[in-house]
Amino acid sequence: MKINEIRTAEVRGHGYSCFVRIGTDAGLVGMGECIHGGAGIQQIIAELGSLILGEDPMNVERLYEKMRRAHVFNGAMAGNLVTALTGIEIALWDLVGRAVGLPVYALLGGKFRDKVRLYADCHAGGDDSPGANAEKAVEVVEMGFDAIKFDLDDMRSPDKKDAFNHTVSRRELDRMVAKVAAIRDAVGPYVDVAMDLHGRYDASSGARIAQALEPFDLMWLEEPVPPENIDAMREVKTSTRTPICAGESLYLRWGFRDLLEKQAVDIIMPDLPKCCGLAEGKKIANMAEIYYIPFAPHNVCGPLGTVASAHCCAAVPNFLVLEWHWLERPHWHDLVVADPPLIQNGAITLTDKPGLGVELNLEAAEKYLRPGTRLFA
Ligand SMILES: [Mg+2]
């Protein structure tokens, strides 16, 4: 069996997801998805894909490394090139699974669990008051989720003294505490609650926020400081008993090396359809496990990228919870042909269907295409 075509389609979601379709001379097709690859993602995938035309798709890791090493001098250690590789890698796993009749988790070594628990990323909408956020939290818990996340940073807040300065103001801090208190009070002690700061604070501000939130027993506080400075992240982590989570903008094992070796966080959250793919994601999870650090992947993908992430989450022991970020985007469910629905009671149950085990709904994908582009052209 030889790869004979690689095609892409950009579909609206969080910005645009890029779906990847790999065809073979045997007529088998594999589908993947990557996200946050930027405006040129289709061209990068075409360029990388040209390197594996005529190759046997069964050697997924060799093909990944072949494409990556061909572009090391173009920066294939991080960023769009790795994201493009990721979309191709996920499509290759789907293809190989379909070829051998096995689900992707089995190709990754088998599953530790049948159900992959999700947390819902929540926004109250225009009203960011404590009450509106508490109401949203209750609504989402009633949908069946027992883990939720909210954004705590607000760049448009009148309480911010300056849009670029990383120092938290006293009013901002009080607003954050009031929001978290209302959410915790509304959902009770047994729903896991995470809060995201999007790397917008300096180390002493991050530490102040983390310490102020200690009474609310968060599942984690996400990226209190920007991701580039591991020592600053560690400073925050060691200052507080609020668990610190980071990693959505780190790429490949090398991107996580310092973070893990310095034990600068309590939890890691690689974004598998952006930063590494499934085999590399499993290796990152395995690296984290030697430090007893849980694996809680970031994910804003459509259904293919989300289910692909779930296969990797099933195949590692230290999985904690996987993100789902489409509460306000109901077309997530339309993009896939699934009966019963993929998400039930806040979890994805993986089946024994081959490959990723899900089919893209082409009609829906066509409907949400990036304007001016074609589906798998
Ligand atoms: Mg985040």
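User: Is leucine 369 buried, exposed or partly exposed, and why?

Analyst: Count neighbours: a residue is buried if 20 or more other C-beta atoms (placed from the backbone) lie within 10 Å of its own, exposed if 12 or fewer, and partly exposed in between. Leucine 369 has 16 other C-beta atoms within 10 Å, so it's partly exposed. Bear in mind that this is a predicted model, where local features need pLDDT of at least 70, side-chain atom pairs count only at pLDDT 80 or more, and totals for chains, interfaces and linings use all residues. Residues are numbered from 1 along each chain as its sequence is written.

User: Which residues is leucine 369 in contact with, leaving aside neighbours within four places in sequence?

Analyst: Contact means that two C-beta atoms, placed from the backbone, lie within 7 Å. By that rule, leucine 369 is in contact with Ala9, Glu10, Val11 and Leu375, once neighbours within four places in sequence are set aside.

User: And which residues touch the most other members of the largest nonpolar core?

Analyst: A nonpolar core is a set of buried Ala, Val, Leu, Ile, Met, Phe, Trp, Tyr and Cys residues joined through C-beta atoms within 7 Å. Here the largest one holds 123 residues, and Leu118 and Ile148 touch the most other members. Beyond four places in sequence, leucine 118 touches Phe145, Val321 and Trp324, among others.

User: How much of the chain counts as buried?

Analyst: Of its 377 residues, 51% do.
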